[in-house]
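Have a look at it first, then read on.

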There are 2 protein chains.
Amino acid sequence: MPASRFRPRVVILGAGFGGVNAAKVLGGAPVDVVVVDRTNHHLFQPLLYQVATAALAPSDIAAATRALLRGYKNIKVIMGEAVGVDADARQVCLRDGARLDYDFLVVATGSSYSFFGHDEWARHAHVLKTLDDALEIRSALLSAFELAERCTDVAEIRRLMTFVVIGGGPTGVELAGTIAELSRTTLARDFRTIAPDSAHIVLCEAGERILSAFTPEQSRYGAAMLRRLGVHVRTGAMVRAVDARGVDVGGERIEAALVLWCAGTAANPAAQWLRAVSAKNGGVRVKPDCSLPGRPEIFVIGDVASLDGADGNPLPALAPVAKQQGCYVGKLLRTKIEGGAEPGPFRYRDYGMMAIIGRSRAVAMLFGLRMRGFAAWLAWSLIHLMLLVDFRSRLTVYVNWSWAWFTYGRGARLLTRAPRWIEQRRVQPEDRASTRELTQGDMTK
Amino acid sequence: MPASRFRPRVVILGAGFGGVNAAKVLGGAPVDVVVVDRTNHHLFQPLLYQVATAALAPSDIAAATRALLRGYKNIKVIMGEAVGVDADARQVCLRDGARLDYDFLVVATGSSYSFFGHDEWARHAHVLKTLDDALEIRSALLSAFELAERCTDVAEIRRLMTFVVIGGGPTGVELAGTIAELSRTTLARDFRTIAPDSAHIVLCEAGERILSAFTPEQSRYGAAMLRRLGVHVRTGAMVRAVDARGVDVGGERIEAALVLWCAGTAANPAAQWLRAVSAKNGGVRVKPDCSLPGRPEIFVIGDVASLDGADGNPLPALAPVAKQQGCYVGKLLRTKIEGGAEPGPFRYRDYGMMAIIGRSRAVAMLFGLRMRGFAAWLAWSLIHLMLLVDFRSRLTVYVNWSWAWFTYGRGARLLTRAPRWIEQRRVQPEDRASTRELTQGDMTK
């Protein structure tokens, strides 16, 4: 429909890699775009684990969505949470009761962590999806060392200095590696009573090997590098229970200060909203042009979509897939509105994937090349730096990284909002006669 | 007592400018030092307003206390909150019940904001003392614009875009100026429905002029510069009430999204702990060597102390006073322990004071010179940069500042933990026939 008389409205749900890229492509088109997101920022999720481990500040890896899209006068950004879609009325329902009309809808609401039916574990395990998640992990991690420094019960000190990471994918490997490094380098010199480098970091993987998306040789290399950093890598270790004081995993009880859940994600509940067919992970099954079967005005992209790649397997839940789908749907909508030849079905260009292990090692598959070690790490660093959303982020991340790299120091190591439990522990009076150190009483209560 | 057989223990309460500097001077001395602070970081408070207004990230102006004092093996840092002192037993009581022995005690617990007996106002007014305070102000400030963007009630939009700063001292002037700038530059281009540059910023001062510590000419200049930035400066405006929706001030009602309290501080309650004589602001009256009368082993420094200067007036509650007193008491303790000539009474070297107004203006009194305008701002910037605690902070602050200066952009503009009320507002269904914009219903409920 070229040169249509009415100006259609495109509503985009989610300001992640999919949503922001779809919006950018539609910038300047004869169309009104409304981007809706729960937060006010676009997040560079691949580096979120560095915020959780105090290497980067939140503002290094996130940018205000408004600022990103400021240049496009036809794009409006609103902060709000979508809770449903009325596909017949062509309206999105927001949490606060508002309804948003659309002519075209792009659903890019991403995924959350899934506890395989054990939602009660969510109370005790930390996940890493949002900036708030990352700041909570950071806070719990640093507080555990602070508590351990003031504790004299040997078993409790061991628990406070034990960190269990569940899931041996890239995120789990990255978290376990950086926590090990944090305790063995940055924190090692800061405490007087405890030895942070004796911290016990356990990476549990239910499958046979970690980094199962990589080659077996890369998995072995990754596990060896993690072990060198001091991480206990346990494969074939299925989680049976997660509670406030630890986990039951692989037939063993591990008392831990912190349980980090990096095992298995599920698409956010757009399939129910759209009454659509969902894949095993909850993703919405879409047509090759990312549209919903029977609803040509609705598109679903990124982690919340399920689409098979050229090899017949579902496309992975990765940032590049979301980004490419966002650009694709943006272009498709432009041709629908402005006229011109519509593009063919979506095709994913797979440039590869990477996982970083500690300070200067990585495994990567890039443009068909298998890489590992420092070269892979260098490739990883450069690519991530280039992908960061604006120049300023790049510059300050570079400063922070270089500084951390050369000094093993972590500038962002701040506890804002200390977890309440740090003050609630009951500590017994100091026994002046026996010791001049702080003694801490029955911490198991 | 030179070459004493026992190794005395010095407990320092508070890791602000006073506490950290006292600890540093005692680093390496034949003495065990324990630094106790509620947080894990030393904060460069003079720049806190820039975190509140999203110009800097928390890690730009704070450093882990452990990391700062890492080099001194005789210094131990613990995170905990002092709640009392048992001066007869020579013990500090912590919130969690622990007691810490001391041979010498340095109290440097700082000050809080005082509501002149109206503690109920504290629920509705924001103060700016800690990183958490700053992040809450930032969150409330940015959320108000987000809510206004989705609102159609004209009176409510006006309320959401009204910010009242109470207290015309340097902090109030700095906050009002930067909020005005934020709304008139950075945010101005980001919204589609509201015009952030129509935000209403009111600075209320009960006295006759703002910046009363400066010369009348500097006060006039400061007020003129603030007005040029769009701040409504109201002097002789006494606050009568603060509630959830605004303030009664100077006989007028101002409905506001945010009330910032920068009027009057009071020393933290060390005077009660020590059963000591306190000054009008609650500060502990100390002897000219900063020790407590009758308790030569207890020293009180910084905002929590009250000591008259050479001119007979109490020393101001400023960072340089705390820093110099910290260094002084550190040296005094070293001579007590190691021997040598004890220093004379504490003398404050007054290098001056400054207040910054917006992006490139300031008033300053430096080394007896009265400065204003860009020269004062340049002096302010250089001095603050030099005073920042470690090299890395200096470098990233420099990058952030330069970037913000040249682009009017604010990198740290992130809403983590959105205030709950942003989701609780009830919004009425969109009236499709009348408008395609989001409508927001009865927001006064």
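Which residues does A:Pro314 touch, not counting residues up to four places away in sequence? They are A:Ala279, A:Ser306, A:Leu307 and A:Asp308, where contact means that C-beta atoms, placed from the backbone, lie within 7 Å. This is a predicted model, in which local features need pLDDT of at least 70, side-chain atom pairs count only at pLDDT 80 or more, and totals for chains, interfaces and linings use all residues. Residues are numbered from 1 along each chain as its sequence is written, while chains are lettered from A and ligands numbered from 1 in the order in which they are written.

A:Pro314 sits in the loop between strand 23 and helix 9 of chain A; helices (H or I, at least four residues) and strands (E, at least two) are DSSP runs, numbered from the N terminus. A:Ala279 is 35 residues away from A:Pro314 in sequence, yet the C-alpha atoms are 9.4 Å apart.

Now for a sheet: it is open, has 5 strands in the order 11-18-12-13-14 (chain A), and pairs in parallel. Strands 11 and 14 of chain A are at the edges with a single partner strand each, so one side of each has no neighbour in the sheet. Pairing takes at least two DSSP bridges between two strands. Here are the strands of one pair:

Key: Two residues are in contact if their C-beta atoms, placed from the backbone, lie within 7 Å.
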